[in-house]
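Subject: Structure handover

Hello,

Here is the structure I promised to pass on. Please open it first, then read the notes below it.

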Amino acid sequence: MRPATAVIDLAALRHNLGRVRALAPHARVFAVVKADGYGHGAARLLPALGDADALAVACIEEALALRAAGATQPVLLLEGVFEADELALCAEHGFEIAVRDEAGLRLLEAARLPRPLKTWLKLDTGMHRLGIDPRHTRAFVERLRACPAVADELGVMSHLASADDPAHAQTAQQLASFEAATTGLPVRRALSNSAGVLAWPAAHHDWVRPGIMLYGCSPMLGQTGPDAGLKPVMTFSTGLIQVKTVARGETIGYSGTFTCPADMRVGIAAVGYADGYPRHAPTGTPVLVNGRPSRTLGRVSMDMLCVDLTDHPEAQLGDRVTLWGEGLPAERIAEAAGTIAYEILCNLAGRVHKRVIGG
Ligand SMILES: *Cc1c(COP(=O)(O)O)cnc(C)c1O
């Protein structure tokens, strides 16, 4: 068996959900498990998410997969539906939907459903991605309330664009826009992603929608999950499949981008970009060898990666190389590779073995 393995720690996930509860004690929680649970495998996370009030995914395909895996909670489709015939399926399975524009409202007004749908009207409070102009909130709410396909319990939501930066003025503007549009309306309100949960108590409202923090990473600039009291759910590691000494002046890997400044002990780890390790991670990206710090050397290959064993004279064939997770936050790999922890986690490939612990 190839040693590349992601250990998924359900006890860490429960802990992180507990952190959400402690930070937003008056809000109910949508556990965001889109993109197959940010690469962790949404189905295998369900045993640790029983305490979440509801789940949230991007689309109906992901929601149906959760039902097939045994999820019993309400499931929200954050991007809503794309075609009219999805509405009947949503009613059948108890999915809640976001309504993001006039066309979406018209689909609901034209629908004849066996059961009304719980619906969340999405406002564009400044991110300028999905949602209606907040000035039209009242008119949309009135039409939704008059719509037989829409359940009485109506929600209004919006999304924060810059809440990862506590000094960014945009969040206060978005909050003010959301308040102005929704204050006094008989609706349940939801604004916060993980950054909102962590840093913006005024944005907690009735429901919060944490994603990345459930997996143990912090979205806040310059902060890692452990800094915020979170524990990594995914620890990705592999084994050394060859150990060798490379002579001074020789180069390592494709295009010879790293030249050995002296005779060097080098380990070849069985992991590459086809496993989801970022190809743009440069020489010097941190790894752990047997739990102690080391670094990558040269280009990342499809199936392999070279690591520096200069300070690891004891390292031998089969020893563990940790790519991210326990002891090495994914945020640090993301920073080295010019991306964010979200992408690092989501890109974990299907061929990597998964092992669940803490269940
Ligand atoms: C993905 C998503 C979230 C979760 O965001 P995190 O930054 O991962 O917490 C919340 N709300 C919406 C609408 C989303 O699309």
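One definition to start with: a charge sits over a ring if NZ of Lys or CZ of Arg is within 6 Å of the ring centre and within 35 degrees of the ring normal. R100 and F82 give a case of this: the charged end of R100 lies over the F82 ring, 5.4 Å from its centre. Please keep in mind that this is a predicted model.

Overall picture

The protein chain holds 11 helices and 18 strands. Its C-alpha trace spans about 75 × 40 × 35 Å along the principal axes. The chain has 359 residues, and 54% of them count as buried. Take the contacts between residues at least 6 apart in sequence: 63% of these join residues at least 24 apart.

The barrel

Which strands make up the closed barrel? There are eight, in the order β2-β3-β4-β5-β6-β7-β8-β9, and their pairing is parallel. In general, strands of a sheet pair through backbone hydrogen bonds, either parallel or antiparallel.

Strand β5 covers residues 95-99 and strand β6 covers residues 117-122. They run parallel, joined by three bridges. A98 stands opposite W120 of β6.

Helix α4, residues 60-68, lies across β3 (54-57), β4 (75-77) and β5. The angle between α4 and β4 is about 165°.

Two buried helix residues

L45 has its place in helix α3, residues 42-45. Is L45 buried or exposed? Its relative accessibility is 0%, so L45 counts as buried. Beyond its neighbours within four places in sequence, L45 is in contact with I8, L10, L13, G37, H40 and Y215. For a sense of distance, take D311, which is 266 residues from L45 along the chain. The C-alpha atoms of L45 and D311 are separated by 37 Å.

F140 is in helix α7, residues 137-145. It has a relative accessible area of 8%, under the 20% cut-off, so F140 is buried. Its contacts, leaving aside neighbours within four places in sequence, are D101, E102, L105, L121 and I132. F140 and A58 are 82 residues apart in sequence, and their C-alpha atoms are 22 Å apart.

The span from the UniProt record

UniProt, in an unreviewed entry, places the feature "domain: Alanine racemase C-terminal" at residues 233-357. That span is 11% helix and 38% strand. Its end C-alpha atoms lie 10 Å apart.

Strand β13 is worth a look. Five of its six residues are buried, so β13 is largely enclosed by the rest of the structure. It pairs with β10 through six bridges, and the two run antiparallel. There, V246 stands opposite M264 of β13. Four bridges also join β13 to strand β16, residues 305-308, again antiparallel. In that pair, G267 stands opposite V307 of β16.

Aromatic rings

How many aromatic pairs are there? The count comes to seven. Y277 and W324 make a stacked pair, because their ring centres are 6.1 Å apart and their planes are at 20°. Y277 lies in the loop between β13 (264-269) and β14 (286-289), while W324 is in strand β17, residues 320-324. The pair therefore ties together parts that are 47 residues apart in sequence. Elsewhere, F30, W120 and W207 form one aromatic cluster. W120 is the residue of β6 that stands opposite A98.

A loop residue

Finally, T224. It lies in the loop between β9 (207-208) and β10 (234-246). Why does T224 count as buried? Because its relative accessibility is 15%, and buried means under 20%. Not counting residues up to four places away in sequence, T224 touches S218, P329 and E331.

Best regards

Conventions
Residues are numbered from 1 along each chain as its sequence is written. This is a predicted model: local features need pLDDT of at least 70, side-chain atom pairs count only at pLDDT 80 or more; totals for chains, interfaces and linings use all residues. Side-chain values use heavy atoms; hydrogens and water are left out. Two strands pair if DSSP finds at least two bridges between them. Contact means heavy atoms within 4.5 Å. Axes are lines fitted to C-alpha atoms, for helices over the stretch in contact, and angles run from 0 to 180 degrees between N-to-C directions. Buried means under 20% relative accessible area, exposed over 50%, partly exposed in between (1.4 Å probe, protein chains only). Rings of Phe, Tyr and Trp (its six-membered ring) pair if their centres lie within 6.5 Å; planes under 30 degrees apart count as stacked, over 60 as edge-to-face and the rest as tilted. UniProt positions are given in the numbering used here, feature names are shortened, and annotations may be inferred rather than shown by experiment.
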